[in-house]
Amino acid sequence: MMRMRLHGTLILLFFTAMILAACSENDTNTSKPDETNTDNEAVPTEKEQQENNEPSVEELVAELPKPTETIAELVNADPGPFSGKKYEDLTTEEQQEAVELLRELPKVGENPTDEEIELYWRKSLALFHEDYANPAEALGVLELEAFGSPDIEDERFQFKENLNVEILLDGSGSMANIINGRSMMDIAKESIKEFAASLPEGTNIALRVYGHKGTGSDADKKLSCSSNELIYEMNSYNADALGQALNGIKPAGWTPLAKAIEEAKNDLSSYNGESNTNIIYLVSDGIETCDGDPVAQAKSLANSDIQPIVNVIGFDLNAEGQKQLKEVAEAAKGIYSNARNQEELKRELERAREIAQKWQEWQQKAVTSASDLKYDQLLSDIPRFGIEWNESNSNEKFNIREPLRILRDEGHISKKAFQLLSDKTSERFSHVLELNKVIRKDLREMADKNYETIKEEINRKYSENADVQ
């Protein structure tokens with residue numbers, strides 16, 4: 001009896017072993033080589049993702065914005081959080097954050113699907129999409145450069161008895177950041193001094209600084225946010241007085257941008273737009289950090305009797321900062337420009353000097369015909385516009401590749417996946433180059449037309465809903 005029980009147990013164990021072996025063999029046969037990455041780590045299948053309540057690749061793709069292709073799409077797209085600088089110029093923390101955001105996506109093996117490539121492409125573009133200049137911005141510059149032309153009906157750009165320029169300078173702690181071996185504050189000071197010295201006799205200038213007291217700590221926020229000082233009152237240029245006022249400023253704390261705009265309105269309240277051309281330059285390297293509303297203050301400024309020409313200069317700004325300052329410029333009916341170094345900051349200030357020289361010529365009756373101030377300037381601005389587009393295009397191409405290269409080296413994406421994505425950056429680069437040529441051709445064809453016609457055509461061609469190349 002014992003012998004029979006032992007025999008039955010052995011038979012049962014034999015069949016159990018056979019079943020387990022069959023299961024093991026079945027698992028081995030059904031595994032696929034393209035579901036592993038370069039480190040042979042298993043990549044979850046779509047079914048496994050669904051069982052774990054994870055979104056599928058298709059669902060992840062659908063959550064991201066479609067790649068921009070037309071001119072209108074490019075110029076109206078939100079810039080990526082890591083745009084505006086070369087990847088190598090981002091801080092170590094910013095570089096790590098960009099890589100980590102891509103690393104959160106599912107791993108990609110040696111045989112990537114079209115959906116997997118599209119997912120990484122859309123995500124990369126969303127992170128690094130550049131802020132392509134709208135041709136309408138060239139039109140804003142044109143208004144400045146055609147100052148005094150009878151073709152421009154806007155009263156702000158007509159000759160007046162007096163010319164006043166006020167500069168609002170960001171004195172927050174971030175202005176201590178270094179560009180090419182010098183602090184941003186030192187660069188700004190030197191640029192302002194050179195600009196003021198170049199203004200013709202009779203031009204009045206004022207300088208207001210904000211956020212220049214306290215520190216960036218929470219304990220000093222109240223002090224810093226209340227620091228808003230007219231350090232050089234509206235007056236003719238005096239080198240010693242202006243230099244002394246600037247020399248005492250050191251980058252310190254927070255950014256009371258809204259309050260600075262409000263105070264500028266008060267500074268110019270006695271200079272009405274009927275007899276004064278009032279120009280305001282707002283120089284900032286960051287967004288409002290003192291709980292104010294700079295856009296609302298900019299609207300109030302634009303609607304005042306001052307009738308100011310507002311120029312907003314973002315000094316080495318990130319994407320978030322550029323977005324807010326563009327909104328400020330739009331609310332003020334002004335112009336936004338981005339200056340990444342001393343040369344570009346000086347170039348932006350140069351426009352006010354050119355206005356001052358035309359104003360001086362008008363006062364001296366040296367302008368023989370205001371109609372001579374037509375749109376030849378647009379033709380000279382087209383190459384610069386094209387260069388800025390090409391810089392943005394080049395930055396975008398190389399910035400997208402760098403984090404992907406890191407993921408490839410880690411084995412998070414395969415070499416084949418990286419190559420396909422790299423090819424897409426090259427294709428996009430070539431496509432945007434062609435779009436740049438289209439814009440430059442359009443602007444050249446518009447140059448001989450009057451201002452209102454140019455304005456209408458640009459707004460039609462490059463608006464958010466335009467259907468163009």
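Student: Is Asp-291 buried or exposed?

Tutor: This is a predicted model, so we work from computed values. The relative accessibility of Asp-291 is 70%. Exposed means over 50%. Asp-291 is therefore exposed.

Student: Which residue meets Asp-291 in a salt bridge, side chain to side chain?

Tutor: The N to O distance in this pair is 3.2 Å. The pair links distant parts of the chain, 70 residues apart. Asp-291 sits in the loop between strand 6 and helix 12, and its partner is in helix 9. That partner is Lys-221.

Student: Is Asp-131 buried or exposed?

Tutor: Asp-131 has 16% relative accessibility. Buried means under 20%. So Asp-131 counts as buried.

Student: Which residue forms a salt bridge with Asp-131?

Tutor: The side chains meet at 2.6 Å, N to O. Asp-131 lies in the loop between helix 6 and helix 7, while the partner lies in helix 13, 195 residues apart.

Student: Why are Lys-323 and Glu-327 separated by about one helical turn?

Tutor: Their side chains meet in a salt bridge of 3.1 Å, N to O. Lys-323 is partly exposed at 42%, and Glu-327 is partly exposed at 34%. Both are in helix 13, and about one helical turn separates them because they are four residues apart.

Key: Residues numbered from 1 in each chain as written. Predicted model: local features only at pLDDT ≥ 70, side-chain atom pairs only at ≥ 80, totals over all residues. Heavy atoms only, no water. Salt bridge = Lys/Arg side-chain N within 4 Å of Asp/Glu carboxyl O. Helix = DSSP H or I, 4+ residues; strand = E, 2+ residues; numbered from the N terminus. Buried < 20%, exposed > 50% of the residue type's maximum accessible area, 1.4 Å probe, protein only.
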